[in-house]
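Hello,

Here is the structure you will be taking over. Please open it first, then read the notes below.

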Amino acid sequence: MQFNTRAPVYLQVVDYFKKKMALGELKAGDEMPSRRELANELKINPNTVQKAFKEMEDQQLITTERNRPSRVTTDDVILKHIRSEIVDDAVAVFVEAIQELDVSVDELVEKIKRQYKEGMYDDRSVGS
Amino acid sequence: MIEVLGVKKRYRKKQVIEDVSFTANKGEITCLIGLNGTGKSTLLKGIMGLTPFDKGSVLIDGKPIDLNRVAFVADHAMFPIHFTIEQCEAFMKDFYPTFDSALFARLVEDFKLFPEDKLSELSKGTLAKANLALGIAQDPDYLLLDEPFSGIDVFSKEQIVELFSSEIMENRGVLITTHEIEDIEYLIDKAVMLNNGRIVREFDVEDVRFIHGKSIVDVMREEYGA
Amino acid sequence: MNLLKLLSWEVERVTKPFLILVAGLLVVQFGYLGYFLWDETQLYEQLRRAGDADYQMSFANYLGGTAYLLSLGIAVAAMLLYSVWIWYRDFQGRGTFMLRLLTMPQKRMVIFFAKLATILMMTLGLFAIEWIALKLQYIAFTSWFDGKMIPMNGSFEQALSSNGILGMMYPDSIVNFVIHQLFIYIVVLFIFAFVLIERSFWQRTIWSPVLSLSILVVILTIPILGYAFLSNRLIYDETIMYVGVVLIVWAGVTIWLGRRFLQTKLNV
């Protein structure tokens, strides 16, 4: 996983998991990797991972019982919400970039449809 | 917590360290950042009592330094270079009551060191790992590392970074000096920036990312104008 | 306990240079002995042919030979140099052992006394080895000239006591031996204090050895000047007392200086 040096790493870790949940790589009730494993795997500070887990708990994305590994929430509403949130975020970034080019909505939709058909952006391995 | 309080050190007419104060917490990785020759190593050696400060004091958890609880890892060998890694270990066992042989054996394995190798035969990266292993096996509460990443190969760097995010380092306070932050950006909790013997910035790196959207390198660029 | 452990590490490190020194010493001395015996026999034959039968061999002649004295001088110089080097080597090189020694959770004076004991063991070792070597040389000397039926005079002890250096190294009373040993320790202590003061200058320049040396010269000369002033006024017993006190003060001051600089001032 490649981090952006200018954004808080713990939020990037949260986003990383949100994406996994949205894509169904992590399903409701799945066990989360241990904090230690994750720090080691991502080569980041264990305190940062701790902070990311805390954030995910606050956002009710995961639940942690004492002395047990954390699990993905079983709350469907929240999981669905993640998906739309991620898509909204991505669209927001996209729209901001495209607005500078002064393209009409119709033209844009047309272009998107065509490119989707060509399969250029149909690659689902978005996560990195 | 390591507390450095108003320390000063002169060299000839130059004030190498001018009234420096900062803290480094237990369970966190604090990084002393500065260009070469800004007094980082002097500061670390001063904390260890290897180059006494002219003024100021150092407290570890509120008390003067206890060498059973604080380990120092220099950027070069701390043993005669004709010693083998095994001999270094034997020496450490003799004089460090806290030396943990099992932990050392584990580090030797993780780092793929050969105990019968002489220090003089090791590459810079391997020597850095051997030094680090000897330091960590002292099982200290605080670990002071002088430029552990400087001039070593990519793979050794990676192994060391991995070690820092492992449970072996849990609950230890780490103070690292470096002039190249790139490899450990995501590893550190707190940055203390030195310039011309003064502290110019002291900040929580996640806070700076969160509040200002800046990376450590951005802040360095501002401070050092590089 | 830690002192003994550190001492054993120090001893291990000096074993090789020490054995080289001993080997060099023995090679020079026995080599010279061989040459001496051959040369003197030639000379004796010549004299006998000339009819001068008065000539007598003495072990003292051999001990007074340049090569023999030179071998002792080299051993003394080597030991003095090693007293300096035993510290400096730990500050030098790619492996700065002093960093380790000073960051060990031990009293720093343990390092001081381990190094002191190492040097003392080396000198005592040299004294013992040289004593045995001398005995062997004496046996070789007498049996050679006996075999040649060449007359000799003087005993082993006489030969030793008539030699300036050996007379001091192996005096005839144990008390004198102890006093002479103490002199050696004080020389070593001065060297240690010198190194530790010099290594404590953070701003190391060409002047730092000069400065450290001057501090020690002052400590060294005050009692000597005092002695020059008092010598005519003191009777024999008082002189002995004076020398004893000065030696103790010197030892005390140098250890105190070494301790002070080692514990609070040393810069690595």
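Domain bounds here come from an automatic or database domain assignment. This is a predicted model: local features need pLDDT of at least 70, side-chain atom pairs count only at pLDDT 80 or more, and totals for chains, interfaces and linings use all residues. Residues are numbered from 1 along each chain as its sequence is written, while chains are lettered from A and ligands numbered from 1 in the order in which they are written.

Chain C first. Its assignment gives domain 1 (1–170) and domain 2 (173–268). Their centres, taken over C-alpha atoms, are 25 Å apart. In domain 1 of chain C, 18 residues are in contact (C-beta atoms, placed from the backbone, within 7 Å) with 14 residues of domain 2. On the domain 1 side, α3 (66–91), α4 (97–102) and α5 (109–147) of chain C each supply at least two residues. Helices are DSSP runs of H or I, at least four residues, numbered from the N terminus. By class, that side has 14 nonpolar, 3 polar and 1 charged residues. Nonpolar means Ala, Val, Leu, Ile, Met, Phe, Trp, Tyr, Cys and Pro; charged means Asp, Glu, Lys and Arg; the others, Gly among them, are polar.

Next, chain C against chain B. The contact takes 21 residues from chain C and 22 from chain B. On the chain C side, α1 (2–49), α4 and α10 (236–265) each supply at least two residues. The largest share, 4 residues, comes from α4(C). This side divides into 8 nonpolar, 9 polar and 4 charged residues.

Last, chain A. Here 16 residues are in contact with 21 residues of chain B.

Best wishes

Methods: Two residues are in contact if their C-beta atoms, placed from the backbone, lie within 7 Å.
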